[in-house]
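Subject: Structure for you to look at

Hello,

Here is the structure I said I would pass on. Please open it first, then read the notes below it.

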Amino acid sequence: MNLRNWIRSTALASSMLALSSAAFADGVLRYATVGEPPSLDQQVVTSDLATTIAHHMFEGLYTFNASNSPVPLLASGDKISDDGKTITIALRKGVKFHNGQKMTSADVLASLKRWGEFGSRGSLLFSNVESVDANGDYEITIKLKTPFGPWKNLMAFINGGPAIYPASVIEGKGKEPIAPKDYIGTGPYKFNEWLPNRHVELVRFDDYSSPDGEADGYAGKRVAEFDALRFIPVSDVGTRVAGVRAGDYDYAESIPGDLFEELDKDASIATILNGGPIFGLVFMNSKDGPLKENFALRRAIQSAINKVPALQIAIGPEKLWRSNGSFLPEGNVWYTDAGIENFSKGDAEGAKTMAAAAGYKGDPIKFMVSTNYPFHYDTAIVYTKQLAQAGFNIDLQVYDWATLIEKRAQPDQWDLFFTHHGFVPDPILISVMNDNYPGWWNTPEKAALKAKFTATSDPAERKAIWSEIQALIYEQVPTMKTGDVYTYNIASSKLKGLGEATLIWPSFWNVSK
Amino acid sequence: MLAYTFKRLLALIPTLLAASVLIFLFVHLIPGDPAAILLGDTATPEEIAELTHAMGLDRSLITQYFLWLGNVLQGDFGTSIFFRIPVLSVIADGAETSILLASMTMIWIMLIGIPIGILAATRHGSWVDQIASGGAMLFASIPTFWLGLYLILIFAVGLGWFPSSGFPSISDEGGLWNIRYLLLPSLTLAAPNAALIIRLVRASMLDVQREDHVRTARAKGLHPTKVAIRHVFRNAMISVAAAFGFTFAALISEAVVTETVFSLPGIGRLVVQSILRRDYPVIQGVILVIVCLYMIINLLVDLTYARLDPRVSLK
């Protein structure tokens with residue numbers, strides 16, 4: 001073969017390579033994830049990655065519109081009795097499960113019962129539920145022991161929420177996540193396969209019964225434009241970015257802040273901010289150690305820290321973070337400035353005086369952090385330095401995430417630990433509100449305010465009580481918020497219908513390429 | 001040879017039993033709880049304990065070990081806590097990628113390493129040798145993650161000739177054509193390994209070249225190429241054969257960096273991910289399979305020695 005022929009053959013082979021890559025990808029959205037979710041069972045698993053995939057398959061009775069207000073999804077409407085204790089929910093008719101079976105009140109009843117008993121967030125509502133009954137095939141009644149304001153928000157939050165499964169699948173199931181063969185929901189996409197380390201694939205559900213109305217957040221019309229959604233674990237961020245640039249992936253999540261400006265300028269790539277910010281939390285131990293019940297010492301630690309340098313180092317571009325002390329972001333209905341004057345003082349000298357007054361004698365304070373999340377570790381390094389400058393003897397203990405989870409359940413193993421929290425549409429869902437969450441904040445003041453907060457449905461009253469709770473958090477310091485972080489994803493500019501930001505998790509109904 | 005092979009295979013049994021105890025202990029002594037990882041950040045200690053009990057992980061280590069061993073002896077490696085499918089099926093899926101990747105890499109290593117090694121040895125001290133040895137040092141020093149990312153940038157992002165990452169099974173759509181996904185990763189893995197083989201072939205051949213039988217062959221007037229291949233290279237291959245065997249095993253079990261950069265669903269990445277999520281049955285299963293692999297390769301290397309060098313007797 002002479003040189004010219006060789007060049008010709010090589011060029012032809014290259015074109016064939018390129019063409020074949022494109023041909024296999026037709027109608028499939030390829031989403032590069034950071035890893036694999038622990039399970040897709042939405043009732044018991046609270047991983048955001050699990051919800052990113054699973055909310056295309058599973059639906060609840062309610063969902064959130066673009067203003068984060070709960071609106072019906074599988075429900076068609078509801079009534080609440082005058083005493084606020086009886087909720088009657090009408091169900092949409094003609095909704096089919098992926099196995100072809102029609103959804104009725106029996107399925108909703110079985111799903112709510114399993115979620116109430118074993119669901120990650122179910123006990124928040126069901127500890128106050130007297131009974132749940134079906135009235136015919138398309139209506140259920142929930143009787144509460146006392147009025148419970150956040151019921152609809154809890155029903156609408158699908159992450160660890162009441163996803164509706166067929167009764168035949170969910171009856172008798174306990175805390176253990178259901179197996180992939182039981183991933184049967186009502187969503188626009190249905191489960192196809194989960195190949196370990198390769199992908200999770202959902203395919204279009206042709207008998208999907210979409211809710212009516214204009215698309216609005218997660219509410220309104222849902223159209224499955226793709227033949228399949230393929231979620232591919234790509235743990236290396238360089239590979240995720242290169243994959244989108246090369247056209248091998250259409251969408252990639254969790255891109256670090258230091259690449260933001262470069263990617264934002266790239267015309268072939270769209271950067272998509274996650275609308276609901278995540279926020280770091282440093283929990284303090286209320287059960288054991290020097291911080292137990294010593295609120296003055298906790299306030300001293302809080303005063304020593306200036307949150308801004310840590311956000312600059314750990315996150316990067318200012319567009320991606322806010323030094324915001326409110327537990328819910330500015331612009332959100334739950335935003336409040338109660339207590340936030342104590343959010344980021346960075347007063348080392350003042351903290352030293354406060355610590356001495358609180359009886360601190362330089363004993364080691366065990367601070368656990370994981371390297372699995374770089375922003376946890378980077379932030380903890382900055383805080384440790386600031387705390388040392390204020391005279392605190394910080395024993396920084398670095399673990400992998402699995403070890404940290406095990407250790408934080410043992411009160412004698414730690415004094416502070418770092419974690420982060422996803423955006424939630426109702427403060428009742430923030431982990432510090434859960435008395436059993438490691439940290440175990442359960443003071444009488446909290447209990448009294450929490451009871452008032454859940455007992456009313458009046459939005460203005462609930463907001464006022466939440467402000468009091470946030471002020472109490474800054475006073476008793478069960479946890480320290482580290483600031484809002486707007487993570488971002490990237491997508492091929494060929495994708496249509498994505499919008500500039502996600503509501504909470506990315507969704508791919510009404511999206512095409 | 002058959003009797004020897006049978007005896008060596010029998011000797012694997014006590015070694016594997018000892019390995020199984022060590023693997024089981026190490027895996028279960030790592031702090032961390034699969035139930036806590038499965039249930040996520042909001043799970044309470046009671047919920048975690050309940051799931052731990054449901055999965056049988058609250059039984060004594062001895063009970064768990066013998067249950068596991070009993071099942072393994074019947075060919076049942078258990079079910080992945082994470083994926084809810086049999087461990088053997090998870091391993092088989094990873095093994096397909098790893099075996100294909102290791103095989104392609106070995107082809108590159110042989111195609112690049114052996115001819116250049118021979119050339120460097122036969123032209124010892126010349127500019128050819130200098131370039132071959134210098135190049136080998138350079139490629140042996142390049143970190144695989146760096147080389148991998150640059151190959152992606154040039155050949156996937158820049159030229160668009162190859163996919164940047166991933167590997168669909170050859171039983172999926174695309175069939176054997178999916179092998180193209182492994183081209184860049186295999187080149188990445190081959191670079192440092194071929195460099196080592198170049199140096200090994202060169203050094204072994206230089207040693208053999210100084211021996212009497214080579215001098216005799218030359219004195220008899222044999223063609224230099226014939227001397228290099230038939231008399232020098234064949235004898236030099238004895239040490240190279242061992243290196244090939246263990247390189248192949250290492251490529252299957254230790255290619256985790258390349259598998260991560262190219263997002264390949266191979267065995268190395270499977271082990272690391274399984275450790276991070278404390279998927280005990282998968283970790284135990286994969287490590288046991290890797291131990292078996294090393295033992296079998298060790299046996300094959302010994303058998304190859306005897307084939308290459310009649311002085312080696314199999315007793």
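**The contact between the chains**

The contact takes 49 residues from chain B and 49 residues from chain A, where two residues are in contact if their C-beta atoms, placed from the backbone, lie within 7 Å. On the side of chain B that touches chain A, at least two residues each come from α2 (34-39), α3 (45-54), α5 (87-122), α7 (144-158), α11 (256-261) and α12 (267-276) of chain B. By class, that side has 26 nonpolar, 13 polar and 10 charged residues. Here Ala, Val, Leu, Ile, Met, Phe, Trp, Tyr, Cys and Pro count as nonpolar, Asp, Glu, Lys and Arg as charged, and the others, Gly among them, as polar.

This is a predicted model: local features need pLDDT of at least 70, side-chain atom pairs count only at pLDDT 80 or more, and totals for chains, interfaces and linings use all residues. Residues are numbered from 1 along each chain as its sequence is written, while chains are lettered from A and ligands numbered from 1 in the order in which they are written.

**Helix α7 of chain B**

Helices (H or I, at least four residues) and strands (E, at least two) are DSSP runs, numbered from the N terminus. α7(B) has 15 residues and reaches 19 Å from its first C-alpha to its last. That is close to the expected 21 Å, which is 1.5 Å times one less than the number of residues. At Ile152(B), α7(B) bends by about 25°, the angle between axes fitted to the seven residues ending there and the seven starting there.

Gly148(B), Leu151(B), Ile152(B) and Ala156(B) of α7(B) are buried (20 or more other C-beta atoms within 10 Å of a residue's own, with C-beta atoms placed from the backbone). Their cover includes α7 (237-246) of chain A, together with α8 (183-209) and α11 of chain B. After α7(B) comes Gly160(B), with a positive phi near 70°.

**Chain A**

Chain A has 15 helices and 20 strands. Of its 513 residues, 51% count as buried. Its C-alpha trace spans about 85 × 70 × 35 Å along the principal axes.

An open sheet of 8 strands runs in the order β8-β9-β10-β1-β11-β19-β12-β20 (chain A), with mixed pairing; two strands pair if DSSP finds at least two bridges between them. Its edge strands, β8 (189-195) and β20 (501-502) of chain A, each pair on one side only. Strands β9 (residues 199-204) and β10 (residues 228-233) of chain A pair in the antiparallel sense over 4 bridges.

Regards

Methods
A residue is buried if 20 or more other C-beta atoms lie within 10 Å of its own, exposed if 12 or fewer, and partly exposed in between; C-beta atoms are placed from the backbone.
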